[in-house]
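Please look at the sequence and the model first, and then follow the sections below.

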Amino acid sequence: MDNKVTNHVKRNVKLDYISTFITNLNMQSSIWVLYLAYCGLSLAQIGLVEGIYHATSILFEIPSGALADLLGRKRCMILSRICIAISCMIMLFAKGFWFFALSFVIQALGNNLNSGSEEALIYDSMKYTGQEDQYINVYGKINFIIEVSQGIATVTGGILAEFSYFWCYGACLIIAALAMVPVAFMAEVPLIISSDNDCTKKSYSHSARCSQESIRQMVTFHFKTCFQILKSDIRILKIITYYSAVFAAQTLLFFYSQQYYFEMGYNKIQISLILLITSILSCAGAVASEKLFRRFGEKIAFIGTLAIAMAFVGYGFQNIFLSITVFCIAGFFNSVLYPVQSELLNRLIPSKQRATLISVNSMFFSIAMILLFPLAGMLADKWGLTAVFVGIGVVLLIFTICWNFRDNCKK
């Protein structure tokens, strides 16, 4: 193993810490629902825009993961940042539903290019340097950095939006450009090519040139292999399905809570402070994830999902103190579960298909969001957000109990 290459690869983790921090200074995350409502969109239209975002994810998630596996994770990460910058620029000047939809489409493409690429690059970097046993610890740190960065962005975004939405999205555009810098210094992880040609340990870009197959044939073979893996190991499919449903519910709670607190009479700065408190608890969840997983094992998924379900139900009392409390608890356990799911998946996924199968995971999440978000928006326009939150909480509670009861019976 080349020591120079190894040292370069080792830097990927630290560079990703920096990249993650900058990328997640996403100031629009705490105000985009309010911004679209300010621009005249109903909750149903806001839900539809979010549905379009996730429909785009379904179309491009797996191809983007395959592109990362075949042509290089670093290149895809840079393209991701470019797409995010373009999306922010459109949001700055959009004046109608379809322009907002276009912005969300480009943002989804950018996130697709990054989702499987970044996680696969970091895991394979650690595997290449013999540090994969520390992955859940590193992933927990990354999640912690995400929460800290988003917490800063939440408050800053709320303050900027209270004065001008233009300044908020202008700052997002600058941040998207800055996020490309640390990625540019990352190294592709060398990959063993087990084919009959004379390629040995090469970079992704070079391995693609070495192959005698066309890109189309390679992608087709790639997808077939991933399908066979899912078919042969039902554990991967179960992990993806369960966590996709839970994370989709929590995402809906986070975003629609902006409107919930606005309807209770709070301004954008106050709402951003509520989201900041939640982010702080989420940071604690990211830090505690490894210890809780080692203490409770896979049972932590059941505990965490129950807490998220009860948070939805807690909103039904329309008590501000209770709402903020359960919102924070849900954020804590959501951050606990992200590294747990990643650890469980990466234990089972082969390296060559890692980015693609991680993208399959994101695709399942997108399907859940397409079904849940527009439906919740339409029902909220009719019956109010409170009733919708309670209904989702009850459904999630039943889903969790039934799913875990079935698994226990099988054991």
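This is a predicted model: local features need pLDDT of at least 70, side-chain atom pairs count only at pLDDT 80 or more; totals for chains, interfaces and linings use all residues.

A residue is called buried when its relative accessible area is under 20%.

Leaving aside residues up to four places away in sequence, leucine 345 touches Ile236, Ile239, Ile240 and Asn361. Isoleucine 358 is 13 residues from leucine 345 in sequence, and the C-alpha atoms of the two are 8.1 Å apart in space.

## Helices α6 and α7

Two packed helices are described by the angle between their axes and the distance between the axes. Helix α6, made of residues 135-163, packs with helix α7, made of residues 165-178, at an angle of about 140°, and their axes are 5 Å apart. The two helices are therefore oblique to each other.

On the side of α6 the contact is made by Gly157, Leu160 and Ala161, while α7 contributes Tyr165, Trp167, Cys168 and Ala171.

## Cysteines

How many disulfides does the count come to? Taking a disulfide as a pair of cysteine sulfur atoms within 2.5 Å, the count comes to 0. Cysteine 172 is in no disulfide, and the nearest cysteine sulfur, which belongs to cysteine 88, is 4.8 Å away.

Cysteine 172 is buried, because its relative accessible area is 4%. Cysteine 83, with a relative accessibility of 12%, counts as buried too.

## Aromatic pairs

The structure holds 31 aromatic pairs. One of them joins phenylalanine 97 and tryptophan 98, whose ring centres are 5.0 Å apart and whose planes stand at 85°, so the pair is edge-to-face. Is each of these two partners buried or exposed? Phenylalanine 97 counts as buried at 15% relative accessibility, whereas tryptophan 98 counts as exposed at 64%.

Phenylalanine 312 and phenylalanine 389 form another edge-to-face pair, with 5.9 Å from centre to centre and 65° between the planes. This pair links distant parts of the chain, 77 residues apart, with phenylalanine 312 in helix α13 (residues 299-314) and phenylalanine 389 in helix α16 (residues 385-410). Phenylalanine 312 is buried at 0% relative accessibility, and phenylalanine 389 is likewise buried, with a relative accessible area of 0%.

Definitions and conventions: Residues are numbered from 1 along each chain as its sequence is written. Side-chain values use heavy atoms; hydrogens and water are left out. Axes are lines fitted to C-alpha atoms, for helices over the stretch in contact, and angles run from 0 to 180 degrees between N-to-C directions. Helices (H or I, at least four residues) and strands (E, at least two) are DSSP runs, numbered from the N terminus. Angles under 35 degrees count as roughly parallel, over 145 as roughly antiparallel, 65 to 115 as roughly perpendicular and the rest as oblique. Contact means heavy atoms within 4.5 Å. Buried means under 20% relative accessible area, exposed over 50%, partly exposed in between (1.4 Å probe, protein chains only). Rings of Phe, Tyr and Trp (its six-membered ring) pair if their centres lie within 6.5 Å; planes under 30 degrees apart count as stacked, over 60 as edge-to-face and the rest as tilted.
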